[in-house]
Amino acid sequence: MKKTLTTILIFLGLALILGLLAGRSLLTQTADMSVANSLAANGRYADAAQAYQQLIDQGAADSAVYYNLGNAYMRLGNVGQAIVNYQRAARLDPRDADIQANLAAARAQAIDQFPAETGNPLDNFAVAASRVASMNEMALLALGLWFGFGLLWFIYRQSGHGRQRDVLQFGVIIAGLLVVLAVGALGSRLVVENGRQPGVIVADTVSVSAEPSAIMNTDFDLHNGAEVTIGEVRGGWAQVSLPGGQVNGWVPVETIEPIHPAY
């Protein structure tokens, strides 16, 4: 009995310590966010951008921080970094109207305007799903629907004959279809995002080379804010392609910023 009580007390003590540490971290991040917001409100956008980036580096990467960082870069005239951070904010909160509006405004200021890409059905399905829910929300939804389907199926199997069984059967069918839809949406996003790395040019101007070398002939230039797809990375150079999928050339790695997982 004493051993059990001691174990419980140790567990509760550890939980309390972890809770206090988490609360302290949250309070610190909230204070740092207030400082960054104050810098932005006073027109110190470069300092504000640095403060928001420090928050992200410390793990406080949520849609509000990315959105505010995008706003700071817009005020600084860095359209590329604004687009990057608005896109990161939109991945976490795709239904936020302010994020979508500011992303559209930043894209309109980019020098290089490419026609909208027409993807295959899988790509189009993934894009439509990304506008409805974040990846985490979609995963939780798929998991919840799966458990709901399993529960309905169990109740259905245990039910007798009659109207109640017919209603349960209909519920199982609907739940099954919703599971297929949710898993399909989640799967399509995973396939598309794992096979494609979107990026944004963050240099003022970058010359696109035919090969990963500075001595190769330049094919054309891309400008700050141009949205591309990142392919192979080799020796400090990144292969990029424009909407449409065709490979167009190579740019120095430091001139491009990926939207998600850094290469």
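## Stop 1: a helix pair

Select helix α4 (residues 79-92) and helix α5 (residues 97-109): they pack at an angle of about 155°, with their axes 9 Å apart. Helices here are DSSP runs of H or I with at least four residues, and strands are E runs of at least two, numbered from the N terminus. Axes are lines fitted to C-alpha atoms over the stretch in contact, with angles from 0 to 180 degrees between N-to-C directions. α4 and α5 are therefore roughly antiparallel (an angle over 145 degrees).

This is a predicted model, in which local features need pLDDT of at least 70 and side-chain atom pairs 80 or more, while totals for chains, interfaces and linings use all residues. Residues are numbered from 1 along each chain as its sequence is written, and side-chain values use heavy atoms, without hydrogens and water.

## Stop 2: salt bridges

R107 lies in helix α5 and E227 in strand β4 (residues 227-234), so the pair ties together parts 120 residues apart in sequence. The term means a side-chain nitrogen of Lys or Arg within 4 Å of a carboxyl oxygen of Asp or Glu. R107 is partly exposed at 33% relative accessible area (partly exposed lies between buried, under 20%, and exposed, over 50%, with a 1.4 Å probe and protein chains only).

Next, select E232 and R234, whose side chains meet in a salt bridge at 3.2 Å, N to O. Finish with D47 and R44, another such pair at 3.0 Å, N to O.

Terms used. Parallel < 35°, antiparallel > 145°, perpendicular 65-115°, else oblique.
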